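Student: I would like to learn how to read a fold from its coordinates. Can we go feature by feature?

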Amino acid sequence: MRYVPLDTPKPISKIGLGTWQFGSKEWGYGPEYERRAAEIVRRALDLGVTLFDTAELYGFGRSERILGEALGEDRAKVVVATKIFPLLPVAPVVQQRAVASAARLGVDGIDLYQVHQANPVVADTTTMRGMRSLQDVGLVGEVGVSNYGLRRWRFAEAALGRRVLSNQVRYSMIDRGPEEDLIPYAEQAGRIVIAYSPLAQGFLSGRYDATNPPAGAVRRANPYFLPENLERGAALIATLREVADAHDATPSQIALAYVLRHPNVVAIPGASGVEQMERNAAAAEIDLADDEYAALVAAAHAFRPVTGLAAVPRMVRARLGR
Ligand SMILES: NC(=O)c1ccc[n+]([C@@H]2O[C@H](COP(=O)([O-])OP(=O)(O)OC[C@H]3O[C@@H](n4cnc5c(N)ncnc54)[C@H](OP(=O)(O)O)[C@@H]3O)[C@@H](O)[C@H]2O)c1
């Protein structure tokens, strides 16, 4: 395993574990998955993973409980990251919700407490006042944000009066927005970009095609899995496979290596099984050659999925099986 080259109280592994899948019916993994989830966590610990990401929203607290229980006594050794869903993120609410999350996780302190997304009405001034008091009493270690643009991230830092260590955003080969400003800022200021959906929810694994789309409500709502987009993605997957073959690796591992190339980026892929966790952890060791990286960039640029409003009628048709 590799770790972020930053001064943090505990080392942060380049590959973390995302746990939205835990206790969340919408991934469609069924009741058996709960036991597997615990095995995934234990294996991740064995492999040197130190970053575990959850949220109060995932399974309405279930993910936090499953994660906390699976970590057991190892909770104190790793970076436990959770998120407040900012319905009304004023200072007293932030404080009360942190206490509830810590209780579900079974921890004395939340190593990284993140605001799940920017609230359009409540300013970060009051949210960060809550965060600061949580840091002052030791219930929260580092503060993070999620789905923030650069301006608002910096505003949150000014409001906190301390570093907001990380911004967790969608970042993968096919969602490259963070390369424009968030990643350069993280590199210059000693912050971290936490890449969520780094495999584009499994699209980049190459396991799925138009005749074999994934199950579950989450991915039915993701336009990348429209039959048309799966077809359009074939050339990109072929390039991933080509690079993967040269490394005796899989397309998913190469997709992870692509985002991890930036020193201040960590990725938190979810996993449906232990073997995926093992492969994802191993991806932290892959170094892409410049020409391989260039080929991946070119293939990613050439992929033009149908997204946004244009995707809506197609999603409805796919839902109706037409
Ligand atoms: N802050 C936010 O707003 C936000 C939003 C979304 C996610 N997140 C966080 O980010 C984490 C990851 O994002 P995500 O779950 O949306 O997407 P992801 O990590 O890109 O995709 C996860 C899925 O990809 C497949 N997969 C994982 N490893 C694989 C491998 N080695 N080979 C082949 N397939 C593999 C698995 O599905 P199958 O095996 O079923 O194909 C798995 O459930 C979440 O768990 C959550 O913690 C945060």
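Tutor: We take the sheet, then the cavity, then one lysine.

Tutor: This is a predicted model, so local features need pLDDT of at least 70, side-chain atom pairs count only at pLDDT 80 or more, and totals for chains, interfaces and linings use all residues. Residues are numbered from 1 along each chain as its sequence is written, and side-chain values use heavy atoms, with hydrogens and water left out.

Student: In what order do the strands of the open sheet run?

Tutor: Strands of a sheet pair through backbone hydrogen bonds, either parallel or antiparallel. Here eight strands form an open sheet in the order 1-2-3-4-5-6-7-8, with parallel pairing. Strands are DSSP runs (E, at least two residues), numbered from the N terminus; two of them pair if DSSP finds at least two bridges between them. Strand 1 and strand 8 (265-267) are at the edges with a single partner strand each, so one side of each lacks a neighbour in the sheet.

Student: Which residues line the largest cavity?

Tutor: Rolling a probe the size of a water molecule over the atoms shows where empty space is left. The lining consists of Ile-12, Leu-51, Val-79, Leu-112, Leu-165, Ser-166, Ile-192 and Ile-194. Strand 6 (164-170) and strand 7 (192-196) each supply at least two of the lining residues.

Student: Which backbone oxygens does the Lys-10 side chain reach?

Tutor: A polar contact is a pair of N or O atoms within 3.5 Å; within protein, one must be able to donate a hydrogen and the other to accept it, and residues adjacent in sequence count only if both atoms are side-chain atoms. The Lys-10 side chain reaches the backbone oxygen of Ala-76 at 2.9 Å and that of Val-78 at 2.8 Å. Lys-10 lies in the segment before strand 1 (17-18).

Terms used: Helix = DSSP H or I, 4+ residues; strand = E, 2+ residues; numbered from the N terminus. 1 Å grid on protein atoms, 1.4 Å probe; cavity = no way out; pocket = protein on both sides within 12 Å on 5 of 7 lines; lining within 4 Å.
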